[in-house]
Amino acid sequence: MQFKELYQEIEPELERVEEYLSCCLQTADSRLQDSYRYLLQAGGKRLRPAFAILSARYGTQNGGAIIPVAAAFELVHMASLVHDDIIDEAALRRGKPTIRSLFGNDFALQLGDYLFARALNILEAYPNPALHRLLAAASMEMSRAEIGQIATAYHYSQGIRRYFSRIKRKTSLFITLSCQAGALVGEAPGECVKALGHYGHCVGMAFQITDDVLDYLADSRTLGKPAASDIRQGIVTLPLIYAVNQAGAPYRKRLFSLLSENSLTEERIEAVVQIIKECGAVEYSLSFVDRFVRKAIRELSFLPDCSATEILRQIAKGVCRREN
Amino acid sequence: MLNKLFQSFLPEITAVEVRLGHSLRKLEGQVVHKGIDIKKENRLWLPVMCLLSARMVGKKVTDKILHLAGIFYLLNCAFYLHWRLPDDGEAARIKEEVHYPLLVGDWLYSNMYADICRYDLQQYLQPLSSLMVAVKQELALNGLKKKENIPTLGHELKAGGLMTEQACSLGIHVAADLYPLAAYSSNTDLPDKYLMDTMGSLGYRLGVLKILWEKKENPASAIDDWHHCWDIMGRIPSGREKLLLEELLLSMGGKWGLYKPAFCKENHA
């Protein structure tokens, strides 16, 4: 399922966001321009701008005001991906070479910072204290979550609460803000902002858990990046948490034996992935996805019945049908 | 070279560092401290230049001045952590040399943004984000050229110059606290506009000189900037801050075999 199929109604606004992104990443230096162009053409689901545009529909103000905000949010997201690829030492993203593999870590680092700074540059025109406060908090929490993730790498005894706390900060907070941004800028009623926030939180959590499951299930071609990258880096996600704590005794025994070595060979990684697939970890994780998606859809009952609400409903359902 | 300058602002800098230290301790995993060892002269330069400029305008250090200095402290630390990252093959300890500096730098930038919101300094978001945009473009080009073994000093000098320029200029504005910052771009007659521009200009050159100093570069490229600083010094009001700047320039010049220009000696005799 392609998310972009759901965006047909907001396609004109999304095109304006793309044009805005293209404009604000203009530079006189041809080398920099080539790298910006490459980044924009690398694609992406544009989920966060879509949420911002949809949530603006609940406001009373001019819907066009959300375009720069949506573009800024996409820039922040792009910045986080560029930096994530440095941390993950990733060579591919969406099937194409990453910025770091083409231009080096140093350039990728500066580019990520540049994208974040450009986003702030755009947003300074919005004198909405709540928007700025929420974005600043979300950015800080995203960095903290990433730090926490690498600080606790290879700590296989982590529990589900720590995992949920981490993915909330890493992913769900920013999606929550994307869902609320349009409503805030458009001055929608408080109940709408609140409902959209809860929706965004649930969809964000479902999205990240699905991501973590796909990392074990999907192959590299479908993912557009190497499979099982989480286990390779010692990142403990929900499927592994289940397998370590709740899988049947033979699975757990085998898993402890595989994970007890200092380095994971390709053979061991494949064996871990096989255990994850067999022991019920995938079903367990997807049950949480299902729960979060149902909660998200319930939140939509607090919103007016309109096409935007229907699209949000379809996006929430689409999260658990993703392949990449 | 910078110790005397930093000593002059010890109480203010201590307040800023204590607050950041407290925030850093809240970061998950104490191990992050391994990745954020920044030399004192690198992390204090921008906040001290901001405070020095502010003191030229008013004798009292207000909370607003301290908060802006704190923001420059965060910016300075983040810039240094992100100044240059080794490529995969160069980093012997990938977590300490790449991951933690990258992520803590990101956190510092976000913290800077949060402080702008928290302390009612939104009028500075535009110049500070524009500064980041300009500096990051320079350093991105730096990164590209480094891979091609093309000389890159010019980009680093420009980055250093831009940062110090802004620290000095905004330090004047926050201390004067007369008109919104946006008013100064359209109205050149506003009070302290002349001093903002003068200190900004001096700050740019001092920033360039500091980078040359740090990198132990051939001072031949510094001579023009060094002399230009003395030209600008003539336009700064007399006082303790001006003396500190003169001592800073003399200290740099002494190491480089440069001496106070004759016309300055006549003026200050």
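## Confidence in chain A

Chain A has a mean pLDDT of 90, and 97% of its residues reach 70 or more. Among the elements of this chain, the lowest mean pLDDT, 70, belongs to helix α10 (residues 220–223) of chain A, and the highest, 96, to helix α15 (residues 281–299) of chain A. Where pLDDT is low, predicted coordinates should not be read in detail.

## Architecture of chain B

Chain B contains 12 helices and 0 strands. Its pattern along the sequence is accordingly α-α-α-α-α-α-α-α-α-α-α-α.

Of the 269 residues in chain B, 58% are buried. Among the contacts of chain B with a separation of 6 or more, 76% are made by residues 24 or more positions apart. The accessible surface of chain B amounts to about 11200 Å², and carbon and sulfur atoms account for 52% of that surface.

## The interface between chains A and B

At the interface, 41 residues of chain A are in contact with 47 residues of chain B. The two chains bury an area of about 4100 Å² between them, with 65% of this area contributed by carbon and sulfur atoms.

Polar interactions are also present across the interface, where 14 residue pairs are in polar contact, both residues of each pair being at pLDDT 80 or more. On the side of chain A that touches chain B, at least two residues each come from α2 (30–41), α4 (66–87), α5 (99–103), α6 (105–123), α7 (129–151) and α8 (160–185) of chain A.

## Salt bridges between the chains

The count of salt bridges between chain A and chain B is 3. One of these pairs the side chains of Lys136(B) and Asp113(A), with an N to O distance of 2.8 Å.

Another salt bridge is formed by Lys146(B) and Asp106(A), whose closest N and O atoms are 3.5 Å apart. Lys146(B) belongs to helix α6 (residues 125–147) of chain B and Asp106(A) to helix α6 of chain A, so this pair joins two chains.

## Salt bridges within chain A

Over all chains, the whole structure holds 24 salt bridges. One of them links Glu18(A) with Arg46(A), and the closest N and O atoms of this pair are 2.5 Å apart. Because Glu18(A) lies in helix α1 (residues 11–24) of chain A and Arg46(A) in the loop between α2 and α3 (47–56) of chain A, the pair ties together parts that are 28 residues apart in sequence. Glu18(A) is partly exposed, with a relative accessible area of 30%, while Arg46(A) is buried, with a relative accessible area of 7%.

A further salt bridge brings together the side chains of Glu141(A) and Arg169(A), at 4.0 Å from N to O. Here Glu141(A) sits in helix α7 of chain A and Arg169(A) in helix α8 of chain A, so the pair ties together parts that are 28 residues apart in sequence. Arg169(A) is buried, its relative accessible area being 10%.

How values were computed: Residues numbered from 1 in each chain as written. Chains lettered and ligands numbered in written order. Heavy atoms only, no water. Helix = DSSP H or I, 4+ residues; strand = E, 2+ residues; numbered from the N terminus. Buried < 20%, exposed > 50% of the residue type's maximum accessible area, 1.4 Å probe, protein only. Contact = heavy atoms within 4.5 Å. Areas by Shrake-Rupley, 256 points an atom, 1.4 Å probe, with all protein chains shown as cover. pLDDT = per-residue confidence, 0-100. Buried area = accessible area lost by both parts, 1.4 Å probe. Polar contact = N/O pair within 3.5 Å; in protein donor to acceptor, adjacent residues only side chain to side chain.
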